[in-house]
Amino acid sequence: SQLADPFSVVDMAKAVERLSLALSRQEKVVIYGDFDLDGTSGVALLYDGLSQLGFTQLQVVQPLRLKDGYGFHTHLVEELASKGVGLILTVDVGITSFEACVRAKELNIDVIVTDHHAPLENLPEAYCVVNPNRKDCTSGLGYLAGAGVAFYLIRALSSYLLQNEKITKDQIQLKSLLDCFCIATITDMVPMVADNRVLVRQGL
């Protein structure tokens with residue numbers, strides 16, 4: 001009851017609807033995360049949360065720090081396309097990945113970008129961009145880490161699936177994801193305020 005509404009974040013509803021469709025189709029979904037503690041915790045959080053919600057075709061991809069460097073990369077998108085992936089969900093990365101998002105679109109892959117880094121003047125051509133630091137987002141949740149945004153996506157998706165009777169109430173345990181939320185929020189040194197404070201307390 002103390003937490004902000006996850007659907008207050010711009011594009012959250014669009015992301016949830018696309019993930020719900022992927023669940024009903026049992027599509028191959030790739031979780032693509034940064035290699036730092038925020039990104040890695042976010043990947044684990046999404047994998048666990050989506051698995052609880054019934055996703056069975058999940059794959060995890062993280063760029064290699066020394067080989068690939070930071071970011072959402074075109075060559076990795078092309079590799080995933082060759083494996084029949086139809087949906088990529090990023091965490092803590094993607095807000096400035098213009099080329100990779102365009103390439104994904106050319107290869108008929110939908111990309112849901114979830115990130116918390118400050119965007120540039122334009123947004124990437126993704127299916128949707130869930131980032132509370134978008135200039136047009138009035139959610140006030142800009143203090144969330146990348147894994148925090150991922151947690152709010154799971155909150156929104158579980159709420160939507162429950163409302164539409166696609167899952168049961170005991171299927172998802174949101175508190176079980178808060179260890180990852182906690183590690184990411186503390187190590188990424190985002191402000192310990194509002195929802196972050198409530199959830200880190202529970203995570204600890």
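Which helix gives the most to the lining of the largest pocket? I took this as my opening entry and noted that the model is a predicted one.

**Entry 1: the largest pocket**

I looked up the volume and found about 220 Å³ of space in the largest pocket. I then listed the residues that line the pocket: Ser 1, Gln 2, Leu 3, Phe 151, Arg 155, Gln 173, Leu 174, Lys 175, Leu 178, Val 198, Leu 199 and Gln 202. Next I turned to the helices, and recorded that H5 (146-163) and H7 (194-203) each supply at least two residues of this lining. The answer to my opening question is H7, which gives the most, with three residues. I also sorted the lining of the largest pocket by class and noted six nonpolar, four polar and two charged residues.

**Entry 2: helices H2 and H6**

I then examined helix H2 (residues 37-52) and helix H6 (residues 178-187), whose axes come within 8 Å and cross at roughly 165°. Angles over 145 degrees count as roughly antiparallel, and H2 and H6 are therefore roughly antiparallel to each other. I recorded the crossing of H2 past H6 as left-handed.

Which residues make the contact? On the H2 side I wrote down Leu 37, Asp 38, Ser 41, Ala 44 and Leu 45. On the H6 side I wrote down Cys 180, Phe 181, Ile 183, Ala 184 and Thr 187. By class, I noted seven nonpolar, two polar and one charged residues in the contact of H2 with H6.

Methods
Residues numbered from 1 in each chain as written. Predicted model: local features only at pLDDT ≥ 70, side-chain atom pairs only at ≥ 80, totals over all residues. Heavy atoms only, no water. Axes fitted to C-alpha atoms, helices over the stretch in contact; angles between N-to-C directions. Helix = DSSP H or I, 4+ residues; strand = E, 2+ residues; numbered from the N terminus. Parallel < 35°, antiparallel > 145°, perpendicular 65-115°, else oblique. Left-handed = near helix turned anticlockwise from the far one by under 90°. Contact = heavy atoms within 4.5 Å. Nonpolar A, V, L, I, M, F, W, Y, C, P; charged D, E, K, R; others polar. 1 Å grid on protein atoms, 1.4 Å probe; cavity = no way out; pocket = protein on both sides within 12 Å on 5 of 7 lines; lining within 4 Å. Points joined across faces, edges and corners; volume = space filled by probe spheres on them.
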